[in-house]
Amino acid sequence: MNDPTILIDKLEQLVSLAKDADTGYEKAAVYAAATSIAKEFMQDEDNFDSYTLEKIESARWSLCAAVGYDITNGHSRDQHVVWALGAISTLKSIFENKNA
């Protein structure tokens, strides 16, 4: 697996892309990248606790829902963007504390 902190930074970059994604191509790219990053973490699940994996899945779901590739539960794109940022912020804290 790549360095988890690099992948978390990439998830954060995807939030900006999801916020502005208008075309089908842009939305599909966000979906594919978020799904791919989440799968990398899940494939290496023995090296992460369940809380970390839950936050990865939360970020993935919110990103995918924001671009129309997952259920929204009636929430707006903006709300999913905020939730994705919250999950990513938590992930950053987890890895900063591990490296401290």
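Lys92 forms a salt bridge with Asp9, with 3.6 Å between the closest N and O atoms; a salt bridge here is a side-chain nitrogen of Lys or Arg within 4 Å of a carboxyl oxygen of Asp or Glu. Lys92 sits in helix α4 (residues 77-99) and Asp9 in helix α1, so this pair ties together parts of the chain that are 83 residues apart in sequence. Helices (H or I, at least four residues) are DSSP runs, numbered from the N terminus. The model is a predicted one, in which local features need pLDDT of at least 70 and side-chain atom pairs count only at pLDDT 80 or more, while totals for chains, interfaces and linings use all residues. Residues are numbered from 1 along each chain as its sequence is written, and side-chain values use heavy atoms, with hydrogens and water left out.

Lys92 also forms a salt bridge with Glu12, and here the closest N and O atoms are 2.6 Å apart. Put together, Asp9, Glu12 and Lys92 are linked in a network of salt bridges. As for accessibility, buried means under 20% relative accessible area, exposed over 50%, and partly exposed in between (1.4 Å probe, protein chains only). On that scale Lys92 is partly exposed at 26%, Asp9 is partly exposed at 34%, and Glu12 is partly exposed at 31%.

The whole structure holds four salt bridges. One of the pairs found is Asp70 with Arg60, whose closest N and O atoms are 3.2 Å apart. This pair links distant parts of the chain, 10 residues apart, with Asp70 in the loop between α3 and α4 and Arg60 in helix α3. Asp70 is partly exposed, at 26% relative accessibility, whereas Arg60 is buried, with a relative accessible area of 15%.

Now for the helix packing. Helix α1 (residues 4-20) packs with helix α3 (residues 50-66) at an angle of about 20 degrees, and their axes are 10 Å apart. That makes α1 roughly parallel to α3, a label given to angles under 35 degrees. The axes are lines fitted to C-alpha atoms, over the stretch in contact for helices, and the angles run from 0 to 180 degrees between N-to-C directions. The α1 and α3 crossing is left-handed, meaning that the near helix is turned anticlockwise from the far one by less than a right angle. On the α1 side the contact (heavy atoms within 4.5 Å) is made by Leu11, Leu14, Val15 and Ala18, and on the α3 side by Ile56, Ala59, Leu63 and Ala66. By class, the residues of this contact are eight nonpolar, no polar and no charged; Ala, Val, Leu, Ile, Met, Phe, Trp, Tyr, Cys and Pro count as nonpolar, Asp, Glu, Lys and Arg as charged, and the others, Gly among them, as polar.

Leu63, found in helix α3, is buried, with a relative accessible area of 1%. Leaving aside neighbours within four places in sequence, Leu63 is in contact with Leu11, Leu14, Val15, Ala18, Val30, Ala34 and Ala84. Neighbours within four places in sequence aside, Thr52 is in contact with Leu91, Ile94 and Phe95.

Definitions and conventions:
Helix = DSSP H or I, 4+ residues; strand = E, 2+ residues; numbered from the N terminus. Parallel < 35°, antiparallel > 145°, perpendicular 65-115°, else oblique.
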